[in-house]
Amino acid sequence: MKFRALLLFGLSLTCIPSAQAQPKALAELFSNTDCANCRTPDDQFTSYLSSHPDVVAIIYHNNSPSPTDVFYLAGKPSTTSRNVFYSGGAGLSDPTTFIDGYFSGSGQLSEPQWETVTNASPPLTPIAVTKSVNTDGIITINFTAIAQNLANVFVALKESNIIYHNTGLYGAMPGDLWNNIFRIMLPTATGSAQFSGPKTFAVTYDPSLNPDWITDNMAAVVFVQDATVFDTKHSYPIEALGTISLGSGNAVSANTQSSAHLRIAANPTARLSQICFEIPEVSRVRITLADVLGRSVQTLVDGSMPSGQSSIEIEGTPISSGCYFVRMFVDGTEVDRAKVIVE
C-alpha cells in the first residue's frame, strides 16, 4: 500500500504582486524512484539546496526504467519533454543535473560539482513576475522577459509538501516529504516560441484541469533559456530567472478538534482512490478502512499530518465490492467516520 497526502488550502480570488527576492540560480535534477543509483545524488541535492536558499530547484521524474516510475505515475506530470529538450531527443540517463542550463554530470553526482557550477555561472537577469486570479479560478502569470540571444521562455510549475511513501529501488525521502516536484511546463510542453529582445507574456493556468495537484503548494519558475546548444554535453545557458508562489497563503483558522472531518471524493465509487480530510492543527492522524463488521481492512494513514485540508492518494490492490466505513482518529480519539460503497 502506498499513499500520498497533499497539503491543501483555499484559493484566494485576488491579484497578488510578486515582492520576492531574486533567485541566484536554477538547479534541475532528473531522477526516478526506480533508479537504484539515484538515492545518493538526490540526498546530496537536498543537502545542497538546504545551504543555498537562493537557488531555485526543479526535480523531474522520468517514466523509466521499465516498467514504470511509481512516483511519476502518482504525481501525474504532464510531460517528459524537458528531458528531451536537454538530450536532443535521445533522453537523459538518471540521475542528471543541470545548473543554470549547464550540464554538471551524470551518475553518482557529488555536491562539490554543483557548487563549482553554481559559482561559475554568470549572474542571471532578474524577471519580475506577478500573478492574478480570475473569479473562475484561472491563474494568469505575467512578466516581461528579455532574451540576449535566440531563446525560449519556460514557465515550469512545481509542487512541494508532498507526502508520498515510495517502495521502489530508490527508497523514501526523510519523513516521506518530497519538494520541488515538476508538474507542468507552460505555455506549451516545450515553452514559448523562440524570440530575442524584450517580450511581454501572460501565461494562464487552470487548476481545475489538474485536481490532483494542490495549487497552494505550487510555484511558477519563469526562465529564459538559449535555444542553441552550448556544448557537446547539451548545455543550454539560462539568461534570466524569476519565480512566484501560486498559493494564496490562507490557512485554516479553526482550533478545536471537533472541526476535524472526513470527505469521500466519490461515493459510490468503482475504485476507492482518494479520501480528503481536514484537521485544525498538526496532529497524529490515523485513518482506517473497516468492513461492516468493524474488522480492519486497511490502514490508509498513520502519522503526523499538517494542519488544513489534505488528500490521500490510494494505490495498490483494488478493494472488493461492498460497504465499508472510513474511520478517522486524531491523537487517538475517533473524530469522524464515513460510509463508502465500492461498486
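This report walks through some strands, rings and single residues of a predicted model.

## Ground rules

Local features here need pLDDT of at least 70 and side-chain atom pairs count only at pLDDT 80 or more, while totals for chains, interfaces and linings use all residues. Residues are numbered from 1 along each chain as its sequence is written, and side-chain values use heavy atoms, with hydrogens and water left out.

## A four-stranded sheet

Let's start with an open sheet of 4 strands, in the order β19-β18-β21-β22, with antiparallel pairing. (Strands are DSSP runs of E, at least two residues, and helices are runs of H or I, at least four residues, numbered from the N terminus; two strands pair if DSSP finds at least two bridges between them.) β19 (296-305) and β22 (333-342) stand at the edges with a single partner strand each, so one side of each has no neighbour in the sheet. From one strand to the next, the twist averages 15°. (Axes are lines fitted to C-alpha atoms, and angles run from 0 to 180 degrees between N-to-C directions.)

Strands of a sheet pair through backbone hydrogen bonds, either parallel or antiparallel. In this sheet, β18 (residues 283-291) and β21 (residues 322-330) run antiparallel and are joined by 7 bridges. Asp291 stands opposite Tyr324 in β21. Also, Arg286 lies over the face of Phe329, 4.4 Å from the ring centre. (A charge sits over a ring if NZ of Lys or CZ of Arg is within 6 Å of the ring centre and within 35 degrees of the ring normal.)

## Strand β5 and its partner

Now for another antiparallel pair: β3 (residues 25-31) and β5, over 4 bridges. Phe30 stands opposite Thr96 in β5. In β5 (residues 96-99), Thr96 and Phe98 point one way, Thr97 and Ile99 the other way, and all are buried. (Buried means under 20% relative accessible area, exposed over 50%, and partly exposed in between, using a 1.4 Å probe and protein chains only.)

## Rings meeting rings

The whole structure holds 17 aromatic pairs. Phe98 is buried at a relative accessible area of 0%, whereas Phe103 is partly exposed at 24%.

Tyr102 and Phe230 pair up too: their ring centres are 5.5 Å apart and their planes are at 80°, so this pair is edge-to-face. It links distant parts of the chain, 128 residues apart, with Tyr102 in strand β6 (residues 102-106) and Phe230 in the loop between β14 (218-226) and β15 (238-245). Phe230 is exposed, at 52%.

Phe98 and Phe103 also belong to one aromatic cluster, whose members include Phe30 and Phe154. The charged end of Arg82 sits over the ring of Phe154, 4.8 Å from its centre.

## Two buried residues

Cys276 belongs to strand β17 (residues 274-279) and is buried, with a relative accessible area of 10%. Cys276 and Ser311 are 35 residues apart in sequence, yet 4.3 Å apart in space, C-alpha to C-alpha. Leaving aside neighbours within four places in sequence, Cys276 is in contact (heavy atoms within 4.5 Å) with residues including His261 and Ser311.

Ser87 sits in helix α3 (residues 81-87) and is buried at 6%. Beyond four places in sequence, Ser87 is in contact with Leu92 and His234.

Terms used:
Phe/Tyr/Trp six-rings, centres within 6.5 Å; stacked < 30°, edge-to-face > 60°.
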